[in-house]
Amino acid sequence: MNAHEIDYQIYGEEMQYVEIELDPQEAVVAEAGSFMMMDTDIQMDTIFGDGSNQDSGVLGKLFSAGKRLLTGESLFMTAFLNIGQGKKQVSFASPYPGKILPIDLSETGGKFICQKDAFLCAAKGVSVGIEFSKRLGRGLFGGEGFIMQKLEGDGMAFVHAGGTMAKKELAPGEVLKVDTGCIVGFSHTVDYNIEFVGGIRNTVFGGEGLFFATLRGPGTVYVQSLPFSRLAGRVLASIPRGGKDKGEGSILGGLGDIVMGDNRF
């Protein structure tokens, strides 16, 4: 099906949200938990899969939902339909500090590849599927496993990147090397592979992992400065061990952190 034509506006800097304007009978689908607010006359409905093949029968719906299980997402998505007479707005928020990237799939050849948890919302009719890796090294060491998300259609889709986002336009044959967790997504013309860092010192003491991604043009690549896994690792590292802060019970207490430095990261 052709995707619904939607208008949008992105607000904010570090913690962004996207406001989508729906004409009567237009709809948008979103991941569970991304909803922020909506006008009256917006009808919310839970659907199997992404809603792109709701007229294909029971097997089509089950196949759509099953694809989402492989990417680690829920079987269900939420559809927001304008059942009123005029234009209505519905908004979706980013899950952690970063940027929301709008993607017009009609300008990317009808397909865009992104990491599994990057998808935020899209016009109804956009297919949210899976992209299998055909290379063993990429599947085992790519950080995203054998499967990434594939957005297909001719409508608008929105993905989320952590921290600051960089956009790189690669010429034919041009190669960009990226930390595997920092990839947000790329156009379907980009060739994606995994390369061993190499060197004993780099491997043992580098602290950057054993592999990085190589992205070969032509095409567009989006890179994030703060992957959620990196943010979560820092948060976990700051949790006091054994339920007590390292300064508790000491003579200096909190002053010790100032003098000695907070080295829990």
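What follows is a chat about the fold, the core, the rings and the charged pairs.

Q: What kind of model is this, and how are residues numbered?
A: This is a predicted model, in which local features need pLDDT of at least 70 and side-chain atom pairs count only at pLDDT 80 or more, whereas totals for chains, interfaces and linings use all residues. Residues are numbered from 1 along each chain as its sequence is written, and side-chain values use heavy atoms, with hydrogens and water left out.

Q: OK, how many helices and strands are there?
A: The protein has five helices and 19 strands, where helices (H or I, at least four residues) and strands (E, at least two) are DSSP runs numbered from the N terminus.

Q: And what share of the residues is buried?
A: Of the 265 residues, 42% count as buried; buried means under 20% relative accessible area, exposed means over 50%, and partly exposed lies in between (1.4 Å probe, protein chains only).

Q: Among contacts between residues at least 6 apart in sequence, what percentage join residues at least 24 apart?
A: That percentage is 76%, with a contact meaning heavy atoms within 4.5 Å.

Q: Which residues touch the most other members in the largest nonpolar core?
A: They are Ile20, Phe92, Cys121 and Leu151, in a core of 37 residues. A nonpolar core is a set of buried Ala, Val, Leu, Ile, Met, Phe, Trp, Tyr and Cys residues joined through side-chain atoms within 4.5 Å. Apart from this core lies another, of 15 residues, including Ile113, Leu176, Val178 and Cys182.

Q: Why would such residues sit together?
A: In soluble globular proteins, nonpolar side chains tend to be buried together.

Q: Switching topic, which residues make the nonpolar surface patch?
A: Phe35, Met36, Met37, Met38 and Met44 make a patch of about 440 Å², and strand 4 (residues 35-38) gives the most to it, with four residues. Patches are made of residues with over 30% relative accessible area and no salt bridge, like charges being joined within 9 Å and nonpolar side chains (Val, Leu, Ile, Met, Phe, Trp, Tyr) within 5 Å. Accessible areas come from the Shrake-Rupley method with a 1.4 Å probe, and for residues only the protein chains shown count as cover.

Q: Is Phe35 itself buried, partly exposed or exposed?
A: Phe35 counts as partly exposed because its relative accessibility is 35%.

Q: What about aromatic pairs, how many are there?
A: There are six aromatic pairs, counted when rings of Phe, Tyr and Trp (its six-membered ring) have centres within 6.5 Å; planes under 30 degrees apart count as stacked, over 60 as edge-to-face and the rest as tilted. In one of them, the ring centres of Phe35 and Phe80 are 5.4 Å apart and the planes are at 15°, so this pair is stacked. Phe35 lies in strand 4 and Phe80 in strand 6 (residues 76-82), so the pair ties together parts that are 45 residues apart in sequence.

Q: Which angle is there between the planes of Phe80 and Phe92?
A: The planes of Phe80 and Phe92 are at 70°, with ring centres 5.2 Å apart, so that pair is edge-to-face. Both Phe80 and Phe92 are buried, and Phe35, Phe80 and Phe92 form one aromatic cluster.

Q: Last topic: how many salt bridges does the structure hold?
A: It holds six, a salt bridge being a side-chain nitrogen of Lys or Arg within 4 Å of a carboxyl oxygen of Asp or Glu. Among them is the one where the side chains of Lys87 and Asp23 meet at 2.6 Å, N to O. This pair links distant parts of the chain, 64 residues apart, with Lys87 in the loop between strand 6 and strand 7 and Asp23 in the loop between strand 2 and strand 3 (27-30). Glu21, Asp23 and Lys87 are linked in a network of salt bridges.

Q: And where do Lys88 and Asp41 lie?
A: The side chains of Lys88 and Asp41 meet in a salt bridge of 3.8 Å, N to O. Lys88 lies in strand 7 and Asp41 in the loop between strand 4 and strand 5 (42-48), so the pair ties together parts that are 47 residues apart in sequence. Lys88 is buried, with a relative accessible area of 17%, whereas Asp41 counts as partly exposed at 38% relative accessibility.
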